[in-house]
Amino acid sequence: MLCRILPVAIALSSALIYAASGQDFEQKAEGAAAAIPVKNNEMLEAATAIKVAMRRYHYNPDELNELEYLKIEAAIMALGHSAVDRDAFLKGFREIWQDAPFSHVNLRKARGTAAETATYLDTITVGPDAVQLTWADDDAILTVNTMMGTDTVSAITAAYIELEEWGAERLIIDLRQNTGGAFAVRPLVEHLLSHPYDAGLFVSQNWYAMNARPPSARDLEGLIPWEGWSITSFWRDVTATPATRVQFTPVSPAFTGPAYVLTSKKTASAAELAVDALKGSGRAKIVGEQTSGAMLSQKPFDIPGDMLLFLPIADYYSIKNGRIEGHGVVPDIAVDADEALNFVLAIRE
């Protein structure tokens, strides 16, 4: 999602933002904001604001009434009473969320407002380390380390052009270090397709308010696939409707040869969307470890004390494989992640 974020633009989010709100983004935010002492009552205001935001915007408020979450909510409120400053509150919050019942919850110092952060995520570039194309004889190895970044989208498209020019026999997509992001999931998948593929549905509070069942393929009927490249637009649209259709459509140049996707326990969020779509469409064999099972769409909210809370506003269901959050995507061939590349290079079909 994160994301990545299209007809699918989704990854959007999630799927989208998971990676962007991850280590690299956090380091920039941490470096931009010094440790500012605050009054203790402001930390209580922060804890209360987190509770209110979670209850108001979480994709399924019923999950917040389960004992596991109620314990976390109580611990955060207690932290609001005890934390002497913002740094102590952030540290305590992260410790509380180590064993959380769902993913895509982050709290960090703000380097801007939630709205400014959304704009930043829509325009971010992440640099050349995001995508590398290497060769092993006639096998192309496309390593994609994030689904975030406008330059990542361009680099993936450029890689597929090179595959066509050099006549790659097979394509190996390495997502073992990819923890998600946004719209880069789109070209990664769509250059491998020969026909449109309905991957799944994002569902919001509106879905859970009306349904006691998970969505299925029949719920796609009548829904126009979501299209766009703006995370902000995706957040607006996904929360305005019960279900948002995720469809990938073919683009040129198309790679039609055998394809493999390498996965690990770290493969998460929008990267899991890509893995699931390529597995479900039958376009690639998945080799490695079961993925993280962290596949939600995450949005930032302003919190007192100059902090941003990222929380999940939409859940995702694969048409072929069901809910990915908490489950992950099972590989076609299970091998240790460190051995996955050598395993595929040794395969000759």
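Predicted model: local features only at pLDDT ≥ 70, side-chain atom pairs only at ≥ 80, totals over all residues.
Residues are numbered from 1 along each chain as its sequence is written, and side-chain values use heavy atoms, with hydrogens and water left out.

Side chains of opposite charge can pair when their charged atoms come close. With a salt bridge taken as a side-chain nitrogen of Lys or Arg within 4 Å of a carboxyl oxygen of Asp or Glu, the structure holds 12 salt bridges. One of these links Arg176 to Asp174, with the closest N and O atoms 2.7 Å apart; Arg176 is buried at 13% relative accessibility, and Asp174 is likewise buried, at 9%.

A further salt bridge is formed by Arg186 and Glu190, whose closest N and O atoms are 3.0 Å apart. Helices (H or I, at least four residues) and strands (E, at least two) are taken as DSSP runs and numbered from the N terminus, and on this basis both partners belong to helix α8 (residues 185–190), where they are four residues apart, or about one turn of the helix. Arg186 counts as buried at 15% relative accessibility, and Glu190 counts as buried at 1%.

Lys265 and Glu289 also form a salt bridge, in which the closest N and O atoms are 3.5 Å apart. Because Lys265 lies in the loop between β7 (259–263) and α11 (270–280), and Glu289 in the loop between β8 (285–288) and β9 (296–303), this pair ties together parts that are 24 residues apart in sequence. Lys265 is exposed, at 60% relative accessibility, whereas Glu289 is buried, at 14%.

On the surface, a patch of negative charge is made up of Asp62, Glu66, Glu68 and Asp99. Patches of this kind consist of residues with over 30% relative accessible area and no salt bridge, like charges being joined within 9 Å, and Asp and Glu count as negative.

Definitions and conventions:
Buried < 20%, exposed > 50% of the residue type's maximum accessible area, 1.4 Å probe, protein only. Patch = residues over 30% accessible without salt bridge, like charges linked within 9 Å, V, L, I, M, F, W, Y side chains within 5 Å. Areas by Shrake-Rupley, 256 points an atom, 1.4 Å probe, with all protein chains shown as cover. Charge placed at Lys NZ, Arg CZ, Asp CG, Glu CD.
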